[in-house]
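Hello,

Here is the structure I promised to pass on. My notes follow below it.

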Amino acid sequence: MADLTAPEGSFAWAMLQLQAGNQVSRSLWHDAGMYLVRNPGLTEQVVVENDWRAVAGIAVGTAFNVLPNIELCNAQQDFVPWVATQEDMEATDWAGVGEPGNNWKLIFDMVVGALHPSDGEEYGATGYTSIIQAPELIKNILTFYTWYLPGLTPAQCDFSTFFTTDNLENDEQLAAELNVAGIQVLLADIVYDLSHDFKAYTFAATSGNQVRFNFDDVKTSKDVYKIHQYLKSQLGRTIRVYITW
């Protein structure tokens, strides 16, 4: 059989996190402080006199085990047994409680592909990205990629990501926000600093106005090249991207 991997943020991924003893939550639960935990159960229990099982008619001395189960910590911070809905099982917004996603403005999933430039190496999103969490301004992330040109002296590595909003006014506002201090990108628990030698600007495209954030680290850090190497290592896989500014 194929070696299957649960994509980060999927229901399967969340179940693996619970089995490992971690807390998980969905993005729409964050404001209420709700999350799931796995109750590992109890073994070798016995019904004792006057407990609720005995009152319910189960014979005192009856041996039993409490089997493992998943519990929800609800908005009142009380724990109740939980069963997933179809929506929960199809959701891709699962995250660990206390993970950095709560502190990052933009979170999305993307499939990494080779983009086949005329020269060099280019890796990035193929097709649409799947937004998990985003500021109200941002409606879509059109692409996220790196372009490495080893034939230049010195070698050049370029990073770009494109955003769309609802209108040109919002585009200009987003570009202004991005131009204050650049961005930081989190991939696989590593933070990459793109807060220098960058530019963010609006431009007209056939699909409408867009905002581009571009970073070139030829003479500065090597963070973009490290992002490039990571994307290259994840070719064909779905990855989760965190961005803040």
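Ile 141 sits opposite Phe 163 in strand S12. Strands here are DSSP E runs of at least two residues, helices are H or I runs of at least four, and both are numbered from the N terminus. This is a predicted model: local features need pLDDT of at least 70, side-chain atom pairs count only at pLDDT 80 or more, and totals for chains, interfaces and linings use all residues. Residues are numbered from 1 along each chain as its sequence is written, and side-chain values use heavy atoms, with hydrogens and water left out.

S11 (residues 140–149) pairs with S12 in the antiparallel sense, over nine bridges. Pairing requires at least two DSSP bridges between the strands. A hairpin of six residues joins S11 to S12. Eight of the nine residues of S12 (residues 156–164) are buried, so the strand is largely enclosed by the rest of the structure. Buried means under 20% relative accessible area, exposed over 50%, and partly exposed in between (1.4 Å probe, protein chains only).

Next, Arg 240. It lies in strand S17 (residues 238–244). Arg 240 counts as buried because its relative accessibility is 4%. Its side chain makes a polar contact of 2.8 Å with the side chain of Asp 109. A polar contact is a pair of N or O atoms within 3.5 Å; within protein, one must be able to donate a hydrogen and the other to accept it, and residues adjacent in sequence count only if both atoms are side-chain atoms. The Arg 240 side chain also reaches the backbone oxygen of Glu 8, at 3.2 Å.

Best wishes
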